[in-house]
Amino acid sequence: MKTTRMETGKKLPTLYVMGAGPGDPELITVKAYKVLQQADVVLFDNLANQELLSLTSQYCEKIYVGKQPYRDYTPQETIHALIKEKAYSKGTVVRLKGGDPYIFGRGFEEVLFARDNGIETHYIPGITSMQTMGLHDIPLTHRSVSEGIWAITGTKKDGSLTKDLRLAMQSNATVVIYMGMKKAAEIAETYISAGNGHIPVAVVQQASLPHQKSATGVVKDLPQLIEQNQLTHPSLIVIGWVVALEQTTAPLNAQKLCHQ
């Protein structure tokens, strides 16, 4: 990271909107690692692993601006005000956001705000949580099983379930639902009403961390799976035949062996 200074000798106000990845602190990019080491201020959210803060210098100011689901949260206006204040008073601000800041985050809103206020901006992608499904033997795509991915939010701004779910159900794509735990019953009913209650589903909590939890079944039983396995936030809901790939491909593999 290059340090740019104004004619006054102060650092140029700069914002890095950075993806902290899915939880495991080793899953950040090399670029993110380097930028954190030179940050003057880090504004970190609830899903960013706080172990990453140890990469910063002893002079770096660290401020929690988290938003916990259905609980207390830092208003976006407060975060914007901090970005402006700290960028102009300190220099390099890192907005450390869980996963990838541009996937169901408000990272680009913060970039636009910073640009409107004369702050130089940079974006550093992060591994989004759906990519950790591979750690649980769930590939998001697989030849002849799933030809694509629908990544949707379970809860829209107005609190309702997105209508995109019904569109996604019409394809053989893997459906990944972020922020859908409170909508489990409605998701299940949507699939049941379309005659798709038998499709495999997985719920994975803290997928990349040692204390991860998960459960698999069929989507019609989604609320029961969550309750019986005491799953909570942050979790992803994955619906599609890739969830049961070993079972669905085993007969095909056996047939191939018999004919060799």
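Tutor: Let's start with Pro234, which sits in the loop between helix 6 (222-228) and strand 10 (235-239). Helices (H or I, at least four residues) and strands (E, at least two) are DSSP runs, numbered from the N terminus. Keep in mind that this is a predicted model, where local features need pLDDT of at least 70 and side-chain atom pairs count only at pLDDT 80 or more, while totals for chains, interfaces and linings use all residues. Residues are numbered from 1 along each chain as its sequence is written, and side-chain values use heavy atoms, with hydrogens and water left out.

Asp137, in the loop between strand 5 and strand 6, has a positive phi near 60 degrees without being a glycine. Met179 has a positive phi too, about 55 degrees, and isn't a glycine either; you'll find Met179 in the loop between strand 7 (174-178) and helix 5 (184-193). Asp137 is exposed, with a relative accessible area of 55%, and Met179 is partly exposed at 43%. (Buried means under 20% relative accessible area, exposed over 50%, partly exposed in between, using a 1.4 Å probe and protein chains only.)

Now stay in the loop between strand 5 (120-124) and strand 6 (149-153), where Thr132 also has its place. Thr132 is buried, with a relative accessible area of 3%. A polar atom of the Thr132 side chain lies 2.5 Å from the backbone oxygen of Ser129. Leaving aside neighbours within four places in sequence, Thr132 is in contact (heavy atoms within 4.5 Å) with Pro22, Ala207 and Ser208.

An open sheet is formed by 5 strands in the order 6-7-10-8-9, with mixed pairing; two strands pair if DSSP finds at least two bridges between them. At the edges are strand 6 and strand 9 (213-218), each pairing on one side only. Strand 8 (residues 200-205) and strand 9 run antiparallel and are joined by 6 bridges. Within that pair, Val201 stands opposite Gly217 in strand 9. Strands of a sheet pair through backbone hydrogen bonds, either parallel or antiparallel.

Notes: Polar contact = N/O pair within 3.5 Å; in protein donor to acceptor, adjacent residues only side chain to side chain.
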